[in-house]
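Please keep the sequence and the structure in view while reading.

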Amino acid sequence: MKKERFEYGSGHSTPWHAHASGRLYWLSHGVMAIETELAQWTVTPGTVGWFPVGLSHSAWTPGRVQGHSIYPEPSSCCPFPSHPGIYGADAFLMSVLTRLCRSASDAGPEDYQGTLLKLLGYELSLGDPLPLQLTLPTDRRARNVANELLKNPDCALNQSQLAQRWGVSVRNLSRLFQQQTGLSFSQWRQQAKVVASLQWVLAGLPVSEVALLSGYSNVSAYIDVFRQRFGKTPGQFRGK
């Protein structure tokens with residue numbers, strides 16, 4: 001089992017790649033966006049991200065991040081979920097992760113480490129993934145529009161202007177988003193804004209400023225959408 005501690009600055013990104021083992025991420029600071037062919041996943045403090053063996057993905061950080069990763073050997077991955085997901089990390093789960101990240105001299109026997117890994121896998125498999133993923137369109141033109149909105153949630157361009165920029169008609173863009181993400185273009189854009197806003201919520205910025213950075217002119221509307229998505233207000237989400 002490989003394990004590592006990482007720290008990246010704002011704007012860090014990795015090219016598309018896959019691992020010969022699964023990978024677990026959890027953060028002590030910041031937000032990390034991990035993109036697969038079908039979705040973008042947002043890892044935040046208090047969550048654990050699981051990505052199975054061989055899954056092609058890329059990652060980027062909107063701000064400074066600190067965290068840990070564990071790479072279970074394929075033979076240890078049987079109990080882990082077969083699909084990627086972000087899970088809540090309660091005190092018990094964090095205790096298991098902390099024990100797994102101990103130095104080699106304090107880690108305990110190999111079979112003890114293996115038992116902890118299996119326990120961790122079962123805990124994730126029995127848990128419900130958090131709504132921290134956003135389905136992405138697979139059409140290249142629609143994906144370019146999606147990427148633009150994810151990187152710039154306060155983008156002032158309307159649907160017609162975005163469609164023109166990326167060489168697709170407004171009608172086709174609407175159809176592609178509905179068919180490939182299950183959401184209308186306006187619904188998807190709204191969800192992209194609120195997911196992108198997590199980086200500023202966790203950084204402790206005032207909610208009014210977060211709303212503006214996320215492309216919302218109305219703070220109450222932003223809070224309502226945030227609560228609908230995550231079941232908490234921005235203040236509750238960051239534990240305040």
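Which residues in H3 meet which residues in H6? In this predicted model, Val145, Ala146, Leu149 and Leu150 in H3 meet Phe185, Trp188, Arg189, Ala192 and Ala196 in H6. By class, this contact of H3 with H6 has 8 nonpolar residues, no polar residues and 1 charged residue.

**Helix packing**
- The axes of helix H3, residues 140-151, and H6 come within 9 Å and cross at roughly 35°, and the crossing in which H3 passes H6 is right-handed.

- Leaving aside residues up to four places away in sequence, proline 153 touches Lys193, Ala196, Trp200, Leu213, Ser214 and Gly215.
- Although proline 153 and arginine 189 are 36 residues apart along the chain, their C-alpha atoms are separated by 8.3 Å.

- In soluble globular proteins, nonpolar side chains tend to be buried together.
- The largest nonpolar core has 28 residues, of which Tyr25, Met32, Ile34, Val194, Tyr222, Phe226 and Phe230 touch the most other members.
- Two or more residues of this core come from each of strand E3 (23-29), strand E4 (32-35), strand E5 (39-43), helix H6 (185-196), helix H7 (198-202), helix H8 (207-213) and helix H9 (219-230), and the largest share, 4 residues, is that of H9.
- The contacts of methionine 32, not counting residues up to four places away in sequence, are Phe6, Tyr8, Tyr25, Leu27, Trp41, Thr42, Val43, Ala59, Trp60, Thr61 and Val65.

**The sheet and the helix across it**
- Five strands form an open sheet in the order E1-E8-E3-E6-E9, with antiparallel pairing.
- Strand E1 (2-8) and strand E9 (85-88) stand at the edges with a single partner strand each, so one side of each has no neighbour in the sheet.
- On average, and with direction ignored, neighbouring strands of this sheet are turned by 25° against each other.
- E3 pairs with strand E6 (residues 47-51) in the antiparallel sense over 3 bridges, and the bridge partner of leucine 24 in E6 is tryptophan 50.
- Helix H2 (residues 110-126) lies across E1, E3, E6, strand E8 (65-71) and E9, and runs at about 85° to E3.

How values were computed:
Residues are numbered from 1 along each chain as its sequence is written. This is a predicted model: local features need pLDDT of at least 70, side-chain atom pairs count only at pLDDT 80 or more; totals for chains, interfaces and linings use all residues. Side-chain values use heavy atoms; hydrogens and water are left out. A nonpolar core is a set of buried Ala, Val, Leu, Ile, Met, Phe, Trp, Tyr and Cys residues joined through side-chain atoms within 4.5 Å. Buried means under 20% relative accessible area, exposed over 50%, partly exposed in between (1.4 Å probe, protein chains only). Contact means heavy atoms within 4.5 Å. Two strands pair if DSSP finds at least two bridges between them. Axes are lines fitted to C-alpha atoms, for helices over the stretch in contact, and angles run from 0 to 180 degrees between N-to-C directions. A crossing is left-handed if the near helix is turned anticlockwise from the far one by less than a right angle, and right-handed if clockwise. Ala, Val, Leu, Ile, Met, Phe, Trp, Tyr, Cys and Pro count as nonpolar, Asp, Glu, Lys and Arg as charged, and the others, Gly among them, as polar.
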